[in-house]
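Please keep the sequence and the structure at hand.

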Amino acid sequence: MSADWRWREVSGSAGALYVHVPFCVRKCVYCDFASWATDAADGRITRYVHSLRRQLDELAECGLLEACRTGYVGGGTPSMLGADTLSGLVRHMRACALGMQELTCEANPDSLTAEVLAAVEAGGATRLSVGVQSLADVELATLGRLHNARQAKESVRAAVATGLDVSTDLMCAIPHQTDATWAATLSEACDLGVGHLSVYPLTLEPNTPLGDRHANDDPAWNDEEVQARRMEAAQEALRKAGFVRYEVASYAREGRRCLHNMAYWTGVPYIGVGHGAASMLDRGAYHKLRTRAPQLPRLESWVERVRLRVESPWERIARAPSVCDMEFSGELLTAEQAMAEDLMLGMRLVWGIDECLIAEAASIFGKDLERTVGRLEEEGLVRLDAGGMVPTNKGWLLGNEVFGALWSLAPAEVAQLS
């Protein structure tokens, strides 16, 4: 199966929409996401969501959501918003992007109540992504999660019973985890009836409590050998349970892949709303955004792709609801850098990149591409298949080496948006 790269030929709309809810009951000790512990009764949360809805209206009015196929409400903890607020946000996303085929909401077991479940389904969500992480109580407690294993299983089963597509996140190479507890978590997760699983090793991020605690050591429970062994164990256990890996960290039963996830790896332009939300836009989509955000600069002719991040604090967003009030940071990519990025991201998929994209890349990079691919093939990280290129099992486990080699095809420094 080859990836769908048709969006490279389409200009002027975002194919995917991400909405960021930066609120949590409590911050987990490993988390470096743009999220803050916030009292659920804080009135600024309601005002923040009201601002997001206004900004969605503005994006729809300028045509940025005309071809939007997928939506995702992430966090933070979107389920913390409660039934009425979260369902209202979901309905508004649907109203602004009428062609949306898939809409996912993230949730945590401690706030995924029956009322939230019913409201999200009624609002038009098609998927739920539940942050389980582990099904061992001591591991959950060490990570700072608010739920225990029993609550996680009850929440996921309740979500599955609604008929929504349900995904769970599982984390390996974490404190107190053993091969046996990891195997038990995988087995129990498969028995919950979900159609999709995301599996990834813990990254010890700086400026997080867990990362700072281990800043000067190299904990054995998180070393590369442990990470590789756990990821391979997950692939085998999930294969036996009927799941197929389609991306570095994503597994699905037949017909249950996450379309929004796929968008990120196949060159689909996407737009992000809310503090910390990221966008990746082609020139046409960027020009449409500028009609609502004139504070953004005009593009020089050499810019092929723009990456943006909303830098406005969430408190400011709650007070200043329009897109024209937002502060952005960003990067400006040349055609060479955009192509190198597409090659790199495409290699996250198990079927890699097809012959059409390889041919387009060859027209840009010439012999440099041939040499790079040849070296990766010699090292056993990729293989050529029917004109395309796919990662080997070794290339999956050593993905950063593959990604780095392909990105280096465009060595010039990425220009910063100013």
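## Strand β13 and its partners

Strand β12 (residues 278-282) and β13 are joined by five bridges and run antiparallel. Two strands count as paired if DSSP finds at least two bridges between them. Helices (H or I, at least four residues) and strands (E, at least two) are DSSP runs, numbered from the N terminus. Across this pair, A278 stands opposite R309 in β13.

β13 also pairs with strand β14 (residues 328-333): six bridges, again antiparallel. Here R307 has E331 in β14 as its bridge partner. Strand β13 itself spans residues 305-310, and five of its six residues are buried. Buried means under 20% relative accessible area, exposed over 50%, and partly exposed in between (1.4 Å probe, protein chains only).

## Basis of the model

This is a predicted model: local features need pLDDT of at least 70, side-chain atom pairs count only at pLDDT 80 or more, and totals for chains, interfaces and linings use all residues. Residues are numbered from 1 along each chain as its sequence is written, and side-chain values use heavy atoms, with hydrogens and water left out.

## Strand β4, covered on both faces

Strand β4 covers residues 70-75. Six of its six residues are buried, so the strand is largely enclosed by the rest of the structure. In a regular strand the side chains alternate between the two faces of the sheet. On one side of β4 lie T70, Y72 and G74, and on the other G71, V73 and G75; all are buried.

β4 has a parallel partner in strand β1 (residues 16-21), joined by six bridges. In that pair A16 stands opposite T70. β4 also pairs in the parallel sense with strand β5 (residues 102-107), over four bridges. T70 has E102 as its bridge partner in β5.

The peptide bond between G75 and G76 is cis, with omega at about 20°. G76 belongs to the loop between β4 and α2 (83-96).

## Y18 in strand β1

Y18 lies in strand β1. Is this residue buried or exposed? At 15% relative accessibility, Y18 counts as buried. Contact means heavy atoms within 4.5 Å. Not counting residues up to four places away in sequence, Y18 touches Y72, G74, G75, Y264, I271, G272, V273 and A277.

V156 is 138 residues from Y18 along the chain, and the C-alpha atoms of the two are separated by 23 Å.

## Helices α13 and α14

Helix α13 (residues 355-365) packs against helix α14 (residues 367-378) at an angle of about 120°, with axes 6 Å apart. Axes are lines fitted to C-alpha atoms, for helices over the stretch in contact, and angles run from 0 to 180 degrees between N-to-C directions. α13 and α14 are therefore oblique to each other. Angles under 35 degrees count as roughly parallel, over 145 as roughly antiparallel, 65 to 115 as roughly perpendicular and the rest as oblique.

Which residues meet here? I358, A361, A362 and F365 come from α13, and K367, D368 and L369 from α14. The contact holds five nonpolar, no polar and two charged residues. Ala, Val, Leu, Ile, Met, Phe, Trp, Tyr, Cys and Pro count as nonpolar, Asp, Glu, Lys and Arg as charged, and the others, Gly among them, as polar.

## Nonpolar cores

The largest nonpolar core has 113 residues, and L17, L289 and L343 touch the most other members. Such a core is a set of buried Ala, Val, Leu, Ile, Met, Phe, Trp, Tyr and Cys residues joined through side-chain atoms within 4.5 Å. A second, separate core of 10 residues includes C31, L143, M171 and L210.

Beyond its neighbours within four places in sequence, L343 contacts I353, L357, A361, F365, L369, L406 and L409.

## Loop residues

H176 sits in the loop between β7 (165-172) and α6 (179-190). Its phi is near 75°, a positive value in a residue other than glycine. N207, in the loop between β8 (196-201) and α7 (209-213), also has a positive phi, near 65°. N207 is exposed, with a relative accessible area of 73%.

G195 lies in the loop between α6 and β8. At 2% relative accessibility, G195 counts as buried. Leaving aside neighbours within four places in sequence, G195 is in contact with V166, F243, Y251, A252, R253 and R256. G195 and R256 are 61 residues apart along the chain, with their C-alpha atoms separated by 5.8 Å.
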